[in-house]
Amino acid sequence: MLISSKATSPSVKPLSTRADLAWERAILRKSSILIKRMTWYKQNTEQLYEILETSDRGISSQEASNRLNKYGTNQLAIKTEPFWRILVEPFRNVFAGVLAVAAIISLIGHEFLDAIIIGIIILINACIYYSQQYATTRVLRSLKKHSIQRAIVIRDREEQSVSSINLVPGDIIILSEGDRIPADARIIHTDNLQVNESSLTGESVPVHKYASTLESSKPIYEQENMVFQGTYVIAGSAKALVVDTGSRTEFGKIANLTSDDHSKSSVQSKIDQLITLLIKVVGTLAVIVFIMSLARGISAGESLRFVLAFTVSAIPEELPVALTIIIVLGMKRMAKQKALVRSFKAIEDIGLVTTIATDKTGTLTKNHLSIIDSWSPNTGDVMRVAERTIDLATTPTDPLDQAIKDSASGHAKIDKLYPFDLALRMSGAFIHKDGIIYIKGSPEHILAKSSVSKEQYHIAESVMHELTSKGYRVIAFGKYKISGTAPKDLSTIKNHGIDFAGYVAFADELRPEAARAIRAARQAGISVRLITGDHYETAYNIGKQIGLANHPAQVIQGVDLPKETSALATTIRNKTVFARILPEDKFRILKALKQTEITAMTGDGVNDVPALANAHVGIAMGSGSDIAKDAGGIVLLNDNFATIIKAIAEGRKIFDNIRRMLFYILSTTLGEVLTMIGALLFGLPLPVTAIQILWINLVTDTALVIPLGLEPEEDGYMRRPPRRPQDPLLNKILLSRMVAIGLAMATITLLVVFVLKRQGHNTTYIQTVGFMTLIAAQWMNAFNARSEYKSSFSKIRKANHGLLAGFALAFGLQMLVMFGPLGTVFDIQTVPVSTILLSSGTMISAILAVSELHKWLTRVYAKHVRRGPVY
């Protein structure tokens with residue numbers, strides 16, 4: 001209900017005495033906030049001036065300076081990462097700790113070359129991280145708009161232009177067409193003001209604003225006498241009283257809902273758990289190995305070197321660099337697809353997403369109103385009337401007028417335009433040569449003043465309800481014949497004098513690829529939920545068009561959401577469309593979804609920020625607000641929902657390749673550990689030295705593991721359901737294969753060492769052959785790791801050129817070690833080529849046979865026992 005701005009709302013107690021005012025002002029000064037939870041829209045003008053100690057002539061410059069000191073600048077205190085956190089970030093993980101421990105052990109054992117190499121690895125990993133962060137930040141800086149603007153304010157009884165950051169509560173600001181509203185303000189005078197609040201409420205239809213006082217409590221999207229920071233004036237002008245600035249604005253309150261999320265990704269957490277377990281096992285085994293060495297009569301110094309070699313073999317030094325490079329390359333590929341990834345966490349989690357909660361405006365739609373439908377009674381042409389209600393010679397500021405202009409086919413000279421009349425709920429344009437005022441406005445009001453018959457009225461009313469039920473914005477059009485000169489305003493229109501022309505239905509145009517992208521998401525087992533500030537009918541209609549909803553039971557409004565999180569999670573389990581949702585509602589919905597889902601939230605407006613910041617993966621639109629891009633982990637540079645599916649596909653491929661890398665590294669590491677322990681148990685010479693193990697882990701493994709991280713995707717990888725959040729990174733099948741391959745590696749290597757010892761060869765000779773034998777195992781295992789379940793031979797036709805190049809590099813470097821100048825560094829002794837070929841060939845055959853047998857048994861199990869694919 002609207003009442004005069006001069007009247008006192010019955011629901012608000014008048015501030016009748018100066019004692020009351022003095023008491024309230026004292027409270028306000030004490031709290032350093034003008035008023036907490038003040039319902040500004042309920043206060044009339046006199047009350048507002050009293051509370052804020054101002055007038056329609058504004059405040060003085062001196063008073064503005066005092067208030068600026070008291071309340072602070074009109075800027076959001078957005079939390080940024082301190083430099084020290086950015087600096088230490090690449091070292092704040094289990095990998096860095098493991099490498100540091102390995103370097104310390106090397107120094108204790110006087111293996112200075114090993115320590116230097118490990119230190120270089122740590123620095124390389126950090127440099128890769130810094131360079132990627134710099135590149136991402138640079139792109140974001142280029143996307144950001146300059147948010148500081150000039151505002152017209154009344155101070156010292158005259159209009160002045162000041163920086164928007166210097167606005168204070170009590171200022172009177174002048175708003176004009178095209179302005180970005182600089183602060184939350186209460187309208188005290190308006191001239192046909194229309195505001196685009198889509199960035200705040202999510203509703204794309206422009207909102208008419210009035211100066212009248214509202215009597216009852218209203219949600220933010222119904223506060224018609226308020227304007228809010230960050231929204232835009234698209235038509236008209238207004239004078240407004242600033243009531244909140246900085247973090248106290250609605251914009252600021254939303255920003256405060258966000259939280260610093262330094263949590264690790266699901267993938268990183270699982271890797272850390274795996275490595276932590278590995279460290280515990282290695283530490284325990286190292287102690288046991290040291291005691292056993294001493295028990296065998298080996299000197300303490302030799303035992304320590306043995307433990308050093310054992311520890312180095314067990315630590316996957318190459319894994320941090322390999323993972324970092326693979327993720328960075330994945331980020332670059334995604335950037336080419338117009339998805340800018342801001343954090344490693346986002347790219348690791350995107351492949352595990354089980355549900356996408358998406359905004360409508362600018363994400364599924366183009367944030368551009370267009371004409372969807374029209375209806376004319378009898379044989380009339382409502383579009384001919386519609387295009388005569390606007391001046392086609394100018395550029396419209398109202399999106400509705402722009403949509404009409406886009407569809408116009410003719411051009412008529414407008415002699416007089418009539419602005420929107422709040423009382424009549426209509427506007428118009430007079431064309432003198434026609435002698436007609438062409439009118440557009442509220443269907444109910446135009447119908448009420450039209451000359452249609454009772455039967456025609458019911459037909460028109462039925463059509464109107466049909467169009468609005470589809471979520472369309474419906475505008476009625478008509479003609480009013482006059483004689484003589486144009487009247488001063490539309491109040492001269494008589495009842496039953498309008499010749500009703502029909503309706504035009506408007507809607508935010510859907511992106512043509514939206515429905516196809518949603519189908520692709522569902523084929524991948526990912527649910528999609530539309531969360532919007534739009535009306536129920538609009539949201540439901542959009543949901544039906546894109547295939548998200550086919551029954552009203554799938555739709556829920558914000559007012560119907562339970563307050564308790566567990567009850568909310570139960571209520572929304574089968575809901576796919578959410579209407580009339582406020583920013584805090586989105587925050588609660590995401591919190592409930594995160595209990596059982598890996599969530600991705602998309603959006604472009606301020607209203608999306610809390611959910612963007614708190615989803616597992618926040619996906620912001622490149623054309624959206626700066627704060628939304630700051631909150632998102634991924635920024636879509638082309639604002640295309642379909643790009644999200646491409647990002648998920650890339651994320652799944654990266655996740656699968658991380659599993660391949662882990663399988664390869666951990667299985668070969670297990671083989672090395674078992675080999676070292678076996679040599680001790682069976683009284684055999686140490687098969688390899690510490691420096692040789694470092695070469696295996698850092699050169700051979702790195703040359704092969706990075707190309708494995710670039711393996712092409714498996715067939716059907718986007719038709720399988722997402723992995724459950726609680727599933728382990730490596731399942732029982734891969735773990736059992738790792739054990740089988742590790743045992744095979746250790747068995748063959750120890751047999752080679754045993755045979756060579758029986759033949760009387762010295763330790764250096766044996767270690768040379770053992771070194772090459774383990775290298776051959778790495779080579780074969782890399783090709784086995786290309787596929788989790790298919791035969792390695794099936795991948796021959798789908799070449800991984802990177803892996804072939806990596807193998808060529810590793811092979812060439814190994815030949816330099818075995819037969820070239822690097823041999824002296826690694827204590828290589830001359831060995832007949834036949835011995836090398838025999839030991840290496842035996843190892844390659846054993847690894848291939850064990851892997852192929854295990855894959856075959858897995859496929860048999862999947863086909864006959866589980867009766868389905870194995871993931």
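In this predicted model, Arg659, Phe663, Leu666, Ser667, Thr668, Leu670, Gly671, Glu672, Leu674, Thr675, Gly678 and Ala679 in helix H23 meet Leu734, Arg737, Met738, Val739, Ile741, Gly742, Leu743, Met745, Ala746, Thr749 and Leu750 in helix H25. By class, the residues of this contact between H23 and H25 divide into 13 nonpolar, seven polar and three charged. The chain as a whole has 871 residues, of which 56% count as buried, and its secondary structure comes to 28 helices and 23 strands. Among contacts in the chain with a separation of 6 or more, residues 24 or more positions apart account for 74%.

**Geometry of the H23 and H25 pair**

- The two helices H23 and H25 pack with their axes 8 Å apart and at an angle of about 40 degrees, and they are therefore oblique to each other.
- The crossing that H23 makes with H25 is right-handed.

**H25 against H26**

- Helix H25, which spans residues 732-758, also packs with helix H26, residues 763-784, at an angle of about 155 degrees and with the axes 10 Å apart.
- An angle over 145 degrees counts as roughly antiparallel, and H25 and H26 are therefore roughly antiparallel to each other, with a crossing that is right-handed.
- On the H25 side, the residues that meet H26 are Ile741, Met745, Ile748, Thr749, Val752, Val753, Leu756 and Lys757, while H26 contributes Tyr765, Ile766, Val769, Thr773, Leu774, Ala777, Gln778 and Asn781.
- Sorted by class, the contact of H25 with H26 has eleven nonpolar residues, four polar residues and one charged residue.
- Ile741, Met745 and Thr749 of H25 are listed in the contact with H23 and are listed again in the contact with H26.

**H24 against H26**

- Helices H24 and H26 pack with their axes 10 Å apart, at an angle of about 15 degrees, and that makes H24 roughly parallel to H26.
- The crossing of H24 and H26 is right-handed.
- From H24, the residues Gln692, Trp695, Ile696, Thr700, Asp701, Leu704 and Leu708 meet Gln767, Phe771, Leu774, Ile775, Gln778, Trp779 and Ala782 of H26.
- This contact of H24 with H26 has nine nonpolar, four polar and one charged residues when they are sorted by class.
- Within H26, Leu774 and Gln778 belong to the contact with H25 and also to the contact with H24.

**Nonpolar cores**

- The largest nonpolar core has 114 residues, and those with the most contacts inside it are Val353, Ile356, Ile546, Ile634 and Phe771.
- Helix H23, which covers residues 641-681, gives the most to this core, with 18 residues.
- As background, nonpolar side chains in soluble globular proteins tend to be buried together.
- Leaving aside residues up to four places away in sequence, Phe771 touches Pro687, Val688, Gln692, Trp695, Ile696, Gln814, Val817, Met818 and Ile828; of these, Gln692, Trp695 and Ile696 are among the H24 residues that meet H26.

**Charged residues in and around the helices**

- Asp656 has its place in helix H23, and at 4% relative accessibility this residue counts as buried, because the cut-off for buried is under 20%.
- When residues up to four places away in sequence are not counted, Asp656 touches Tyr717, Arg720, Arg723 and Glu788.
- Arg724 has its place in the loop between helix H24, residues 690-708, and H25, and with a relative accessible area of 51% Arg724 is exposed.
- Although Arg724 and Leu352 are 372 residues apart in sequence, they are 7.8 Å apart in space, C-alpha to C-alpha.

**Residues with positive phi**

- Glu53, a residue other than glycine, has a positive phi value near 55 degrees.
- Glu53 lies in the loop between helix H2, residues 45-52, and helix H3, residues 61-71, and at 40% relative accessibility Glu53 counts as partly exposed.
- Asp156, likewise a residue other than glycine, has a positive phi near 55 degrees.
- Asp156 lies in the loop between strand S2, residues 150-155, and strand S3, residues 158-163, and at 38% relative accessibility Asp156 counts as partly exposed.

Note on methods: Residues are numbered from 1 along each chain as its sequence is written. This is a predicted model: local features need pLDDT of at least 70, side-chain atom pairs count only at pLDDT 80 or more; totals for chains, interfaces and linings use all residues. Side-chain values use heavy atoms; hydrogens and water are left out. A nonpolar core is a set of buried Ala, Val, Leu, Ile, Met, Phe, Trp, Tyr and Cys residues joined through side-chain atoms within 4.5 Å. Buried means under 20% relative accessible area, exposed over 50%, partly exposed in between (1.4 Å probe, protein chains only). Helices (H or I, at least four residues) and strands (E, at least two) are DSSP runs, numbered from the N terminus. Contact means heavy atoms within 4.5 Å. Axes are lines fitted to C-alpha atoms, for helices over the stretch in contact, and angles run from 0 to 180 degrees between N-to-C directions. Angles under 35 degrees count as roughly parallel, over 145 as roughly antiparallel, 65 to 115 as roughly perpendicular and the rest as oblique. A crossing is left-handed if the near helix is turned anticlockwise from the far one by less than a right angle, and right-handed if clockwise. Ala, Val, Leu, Ile, Met, Phe, Trp, Tyr, Cys and Pro count as nonpolar, Asp, Glu, Lys and Arg as charged, and the others, Gly among them, as polar.
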